[in-house]
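Here is a short briefing on one structure.

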Number of protein chains: 2
Amino acid sequence: MMRRLLPRCAPRATAAFIAPRRSPLGLFPAARQYSISPEAASETKLQDIDPSKLVLTRTSKPKPLKKAEDLVFGATFTDHMLTIEWDKTTGWHNPHIVPHQNLSLDPASCVFHYAFECFEGMKAYKDKAGQIRLFRPDRNMERFNKSAARIALPNFDSKALIDLVAKFAKLESRFIPEERGYSLYLRPTMIGTQKTLGVNPPGSALLYIIASPVGPYYPTGFKAVSLEATDYAVRAWPGGVGDKKLGANYAPCIVPQREAMSRGFQQNLWLFGEEEYVTEVGTMNFFVAIQNKQTGQKELITAPLDGTILEGVTRDSVLSLARERLAPEGWNIVERKLTMAELDEAATEGRLVEAFGAGTAAIVSPVRAISWKGKMVSCGLKDHEESGEITTKMKNWMEARQYGDEEHEWSYVC
Amino acid sequence: MMRRLLPRCAPRATAAFIAPRRSPLGLFPAARQYSISPEAASETKLQDIDPSKLVLTRTSKPKPLKKAEDLVFGATFTDHMLTIEWDKTTGWHNPHIVPHQNLSLDPASCVFHYAFECFEGMKAYKDKAGQIRLFRPDRNMERFNKSAARIALPNFDSKALIDLVAKFAKLESRFIPEERGYSLYLRPTMIGTQKTLGVNPPGSALLYIIASPVGPYYPTGFKAVSLEATDYAVRAWPGGVGDKKLGANYAPCIVPQREAMSRGFQQNLWLFGEEEYVTEVGTMNFFVAIQNKQTGQKELITAPLDGTILEGVTRDSVLSLARERLAPEGWNIVERKLTMAELDEAATEGRLVEAFGAGTAAIVSPVRAISWKGKMVSCGLKDHEESGEITTKMKNWMEARQYGDEEHEWSYVC
């Protein structure tokens, strides 16, 4: 079933139009004939985003604050939004902060027809001194640009947008509760706004950021989830766009997710190929801690960035923390493909220590069991446990840096 | 990102939740464990679309008509649009025809973030008697429902929507030029409008139809196109959504298309897998006529509907016409996988008769050559020819039914 598109040597180009270049798609590094040039992938020679040109229009009707405990992820929004228009002749227009309001778009706009849309998910935290902090915003901006380029939307200067995100987050700081676990979820979004039906690169676009105050993912402490392994649908594939944060990757996930829920599971686990590689859990990256069958060494394993895995900022942070703090304790930190059968074998032999999802919303989400081929693969938790040791440690280590308890370069003070 | 805080319920006993059902995704017919039940894929028990409830609000500013020869595909629109709202408690609201106008949507609407969007492309033709005719609208509606269900958008009664499409097309009939080759391109679109950021089935949606008068794809007669075979990016995958008409399938096509154009080709040709199967050309299905190497019999070949190929209405019509009119002349009409190497071999041996793309916009689009691995594979046309015999016949056969010259069940008189 799975057809891996391994790079293969092809005869060098005979015609002038074939230039051997590296592909920014990142998949077939050198051997393939045709690649996507940066020039073709995005327009960058026009006016860039200029934070000094920010125009602020304050709302005349500030919203009352919701009780912190009533906050639902992504359901209520702050007073304002940040907007920056782009067109192919001018480049980026002046940034605006305006009251959160509806967008008015022609029904022919290409975002409605061809999914010219990409986004980011990031959070602003309030530290003990009342300062607002972003977490690794450079990572989000880098990915945002990669996602945009992959669908012919414009790129921008990351530092300029981080500057604007920081100003926006500070403006909305009254919406961020002081308590641990609370934050302001920021949603940078870019959409194509060209209002013609030809399938072409959008000649105009809108970048906007909305913000939603959010509470702790597990208000009363961790709750381990159970997963259903999905083998009838495929989220991503080599040469596709599953490693980019495009809207296109999300709508197709809903039905498999709903199927899993209809059978009593909280999420689905995406498998890939005949080998049934374990790839992602719902919309999170997946980590598993197992004891090596041969050596007995403890290993923290996650899928490699082969083009089918979202390049999660939390994934990267977990790997970094693990290499810094678990490796010295004897752990082996590994990015490699892992099959469901391997996972099942480890569980059967008592070598599966724990498993968790990793993403911006939950940070880490402990996994109790996986339903696969009619059996339940237990992921190492005892009945009364809701989280494994590594999962808990990771959450605490991450939060220490997010909330600025531990001063670290990952934390960006606004 | 996803907040799934449902109380953890223990998965049911191992056997109960595994029902061996056929998957409507159509990919793993029987052997796989989990499938998508129709109930999970769409809500159908609420109020359906009711054409008798149509409310018409005529524009007070009818647009002047453009000169027929100035029409650009999908760039100008008619006076009105059809809109039908849906929500999960009511179902479909009353249909409205209103002046073509901007949509006003919250920036958190799920269509902007997770690509909850699907569409159709269909045309209304004016026959010699001045009647307006749709072409196989039942096929479009069937596919529209399949696309919507795959991304958890609501389904509807096909006949009811065809009735409304017909009313809408008749209302806009002054925009349809009389001349052969002209028509009114209709764009039924469905978008998710729920304004929360959780990745969930949309609780509200909007179905709308806009219309654009269009001219002949080749105003001065056929122009054969040259293609670049794309082997560094993959459009669709088994178990993915490449056979559905989702916005998600389109934005990722632009960069490869633009790459091909930057090297002087009109379109790209999508290959699949290590075998380099020929799948689609740009956003059209692909047909090739070759002489069988063993038997010498002429064969018209197109890729099978294996889940990676869009179920084109034109594709189906071409196959039907070929079985009806070419098969009796000794042609073999075949839906099978075909590799680029096979195509190249046939070209080298003088067995490649002709090749063409097939889709609603162009009907058929003759192909002159394909750039593949640094060589040009010639597709059977002589230098002075712009179309092969079968390609030309197909266009004429199709138009005879589209414009009602030949009375046929495919043509639906409004």
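A residue counts as buried when its relative accessible area is under 20%. By that cut-off, 64% of the 414 residues in chain A are buried. The model is predicted. Chain A holds eight helices and 20 strands. Of its contacts with a separation of 6 or more, 71% are between residues 24 or more positions apart.

**Strand β11 of chain A**

- β11(A) is mostly covered, with six of its six residues buried.
- Which residues of β11(A) point one way, and which the other? Val225(A), Leu227(A) and Ala229(A) point one way. Ser226(A), Glu228(A) and Thr230(A) point the other way. Both sets are buried.

**Neighbours of β11 in chain A**

- β11(A) runs parallel to β18(A), and four bridges join the two. Within this pairing, Glu228(A) has Ser371(A) of β18(A) as its bridge partner.
- β11(A) also runs parallel to β12(A), which spans residues 267-272. Four bridges join this pair as well.

- β18(A) covers residues 363-372 and β19(A) covers residues 375-378. The two strands run antiparallel and are joined by four bridges.
- Ala369(A) has Ser378(A) in β19(A) as its bridge partner.
- The strands form a hairpin with two residues between them. In the turn, Lys373(A) has a positive phi of about 50 degrees.

**The annotated lysine of chain A**

- An unreviewed UniProt entry places the feature "modified residue: N6-(pyridoxal phosphate)lysine" at Lys245(A).
- Lys245(A) sits in the loop between β11 (225-230) and α5 (254-262) of chain A.
- Is Lys245(A) buried or exposed? Lys245(A) counts as buried, because its relative accessibility is 5% and the cut-off is under 20%.

**Largest pocket**

- The largest pocket has a volume of about 1100 Å³. Its lining has 44 residues. The closest to its centre are Phe73(B), Tyr217(B), Thr283(B), Ala361(B) and Ala362(B).
- Five elements of chain B each supply at least two lining residues: β9 (183-192), α5 (254-262), β14 (284-291), α6 (313-326) and β17 (352-359).
- By residue type, the lining of the largest pocket divides into 24 nonpolar, 14 polar and six charged residues.

**Second largest pocket**

- The second largest pocket holds about 430 Å³ of space. How many residues line the second largest pocket? There are 23. Those nearest its centre are Thr83(B), Glu85(B), Leu103(B), Ser104(B) and Leu206(B).
- Two or more lining residues come from each of β2 (80-87), β4 (96-99), β5 (103-105) and β10 (204-214) of chain B.
- β2(B) gives the largest share of this lining, six residues.
- The lining of the second largest pocket is made up of eight nonpolar, 11 polar and four charged residues.

How values were computed:
Residues numbered from 1 in each chain as written. Chains lettered and ligands numbered in written order. Predicted model: local features only at pLDDT ≥ 70, side-chain atom pairs only at ≥ 80, totals over all residues. Heavy atoms only, no water. Pairing = 2+ DSSP bridges. 1 Å grid on protein atoms, 1.4 Å probe; cavity = no way out; pocket = protein on both sides within 12 Å on 5 of 7 lines; lining within 4 Å. Points joined across faces, edges and corners; volume = space filled by probe spheres on them. Nonpolar A, V, L, I, M, F, W, Y, C, P; charged D, E, K, R; others polar. UniProt positions renumbered as here; feature names shortened; annotations may be inferred. Buried < 20%, exposed > 50% of the residue type's maximum accessible area, 1.4 Å probe, protein only. Contact = heavy atoms within 4.5 Å.
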